[in-house]
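We go stop by stop: select, look, move on.

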Amino acid sequence: MRKLIQNIQLLNEQQELQAGSILIEQGRIIEINPKTTTDIDETIDGKGHFVSAGFIDVHVHLREPGGEQKETIETGTAAAAKGGYTTICAMPNTRPVPDTVENLTKVNELIKNNAKIRVLPYASITIREAGKERTDLAALKELGAFAFTDDGVGVQQAGMMYEAMQDAAKINMPIVAHCEDNTLIYAGVMHEGKKNKELGLKGIPSIAESVHIARDILLAEAAGAHYHVCHVSTKESVRVIRDAKKAGVKVTAEVSPHHLLLCEDDIPSNDAQWKMNPPLRAKEDLQALIEGLEDGTLDFIATDHAPHTFEEKANGMEQAPFGIVGLETAFPLLYTHFVKSGKWSLAQLIAWLTEKPADVFGLPYGRLHMGESADLVFIDLNKEQKIEIEKFLSKGTNTPFKEWSCIGWPVMTMFEGNIVWEEK
Ligand SMILES: [Zn+2]
């Protein structure tokens, strides 16, 4: 089965848009801009839209097993496909946690039966993410664990993290960390800054994150491990990661769209749609994150898609769980606010959503190359539309971006050569 996708725009080697076409066969790209097009079984009209390699999101909470009221693998991957993602990595803070061969086997089965796109599961660093007992990293790697993390919580004891890093280094696998020192949280529900005082709410100081990152960088250096930092949110974190990279430590990092777009000043009231962990920090932090991404200190963008039920999020900052959804809004928000505004090029943004995460984790996806999986997102760069939570495919509608007007929306997504989502 040979399919020709024509009437599309592609980024050329000069990183400019240019008319093009893609020939695919058996779910793989066999040629970009083919000169001869014989024996075509099916032609797909791209309607002049821009086509990129499908996006990669290494930080997604699919909630299944155990949290199916918030999201399932089916609804989460449908939301991902709608957002232009074709590869996502599922965080292990589920019930049960994929911390043993038995539990990860179950997760693999659920993915096989329900996922609409590629889902690569994380396994945990410690049993039940409780920080007390290490998991069998080698056995979990054998079963296809993407990497190891206790995301949702920080690994509190330095010795536990150090030993896990040594184990991971031996089998050439990354340790991925949600950085948060529990002794520095002070029961906070938002950033310890100006806004929490105005609202009379307890704050989480920036050091809760940055101290953990500084510690882990030294541990990773000693262990010789690849250490990846989740959702960086503070200017001090950016600084220590920048210094560590200069010193040759194998550290990589991600930043979420909401931390690039919002800060504490934007929080209108005691409304849990603005509650996430790490929290929205100060304006200077937001500036440092943008600079960090632009200078390569932060490697790429990941959403930290964290769906919760409407009821859970209706109860104000103190009661509600942390987290917002992100898969269906990431590209339109980032394109509108950074590319349309002239700050970034389209090629830069696309790289942070595709080849950069692929390179950090050695994934064979994220590029329109011959032989690669035909994972494609078609984007209408002129389409203007508001973010309508009623149209989300995710079960979660918890977002502070409701009703934001965006230009540039995915309109169709192909996974392994098949259409898995299309705007109707
Ligand atoms: Zn996290």
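Select E312 and T309 to begin. The E312 side chain reaches the backbone nitrogen of T309 at 2.8 Å. Keep in mind throughout that this is a predicted model.

**Stop 1: around E312**

Show the secondary structure here. E312 is found in helix α10, which covers residues 310-313. Is E312 buried or exposed, or something in between? E312 is partly exposed, at 24% relative accessible area. Now display its neighbours. Leaving aside residues up to four places away in sequence, E312 touches K70, A320 and P321.

**Stop 2: R63**

Keep K70 displayed and select R63. R63 lies in the loop between β6 (55-60) and α1 (73-82). K70 is one of the residues that R63 touches, not counting residues up to four places away in sequence.

Which side chain of opposite charge is nearest to R63? Select D304: it is 7.0 Å away. R63 is buried yet has no salt bridge. A salt bridge needs a nitrogen to oxygen distance within 4 Å. Now look at P307. Its backbone oxygen lies 3.0 Å from a polar atom of the R63 side chain.

**Stop 3: helix α1**

How many of the 10 residues of α1 are buried? Nine are, so the helix is mostly covered. Select them together: I73, T75, G76, T77, A78, A79, A80, A81 and K82. Then colour what they pack against. The partners are β7 (85-90), α2 (101-114), β8 (118-121), β17 (405-415) and β18 (418-422). Just after α1, click G84. G84 takes a positive phi of about 95°.

**Stop 4**

H178 lies in the loop between β10 (175-177) and β11 (190-191), and H231 in the loop between β13 (227-229) and α7 (235-246), so the pair ties together parts that are 53 residues apart in sequence.

Switch to a surface view. H178 is buried, at 6% relative accessibility. H231 is buried as well, with a relative accessible area of 3%.

**Stop 5: two cysteines**

Select C179 and C230. How many disulfides does the structure hold? It holds zero. The C179 sulfur has its closest cysteine sulfur in C230, at 7.2 Å, which is too far for a bond. The cut-off for a disulfide is 2.5 Å between sulfur atoms. C230 is likewise in no disulfide. Both sites are covered: C179 is buried at 6% relative accessibility, and C230 is buried at 2%.

**Stop 6: salt bridges**

Visit a few of them.

Select R2 and E25. Their closest N and O atoms are 3.3 Å apart, in a salt bridge. R2 lies in strand β1 (residues 2-11) and E25 in strand β2 (residues 17-25), so this pair ties together parts that are 23 residues apart in sequence. E25 is partly exposed, at 26% relative accessible area.

Next, K197 and E192. This salt bridge has its closest N and O atoms 2.9 Å apart. K197 is exposed, at 54% relative accessible area, whereas E192 is partly exposed, at 33%.

Now take K245 and D299. Their side chains meet in a salt bridge at 2.8 Å, N to O. Where does each partner sit? K245 is in helix α7, and D299 is in the loop between α9 (283-294) and β15 (300-301). The pair links distant parts of the chain, 54 residues apart. K245 is partly exposed, with a relative accessible area of 24%, while D299 is buried at 16%.

Finish by selecting R134, E163, D167 and K170. Salt bridges that share partners join these four residues into one network.

Notes:
Residues are numbered from 1 along each chain as its sequence is written. This is a predicted model: local features need pLDDT of at least 70, side-chain atom pairs count only at pLDDT 80 or more; totals for chains, interfaces and linings use all residues. Side-chain values use heavy atoms; hydrogens and water are left out. Helices (H or I, at least four residues) and strands (E, at least two) are DSSP runs, numbered from the N terminus. Buried means under 20% relative accessible area, exposed over 50%, partly exposed in between (1.4 Å probe, protein chains only). Contact means heavy atoms within 4.5 Å. A polar contact is a pair of N or O atoms within 3.5 Å; within protein, one must be able to donate a hydrogen and the other to accept it, and residues adjacent in sequence count only if both atoms are side-chain atoms. Lys and Arg count as positive and Asp and Glu as negative; His and the chain ends are not counted.
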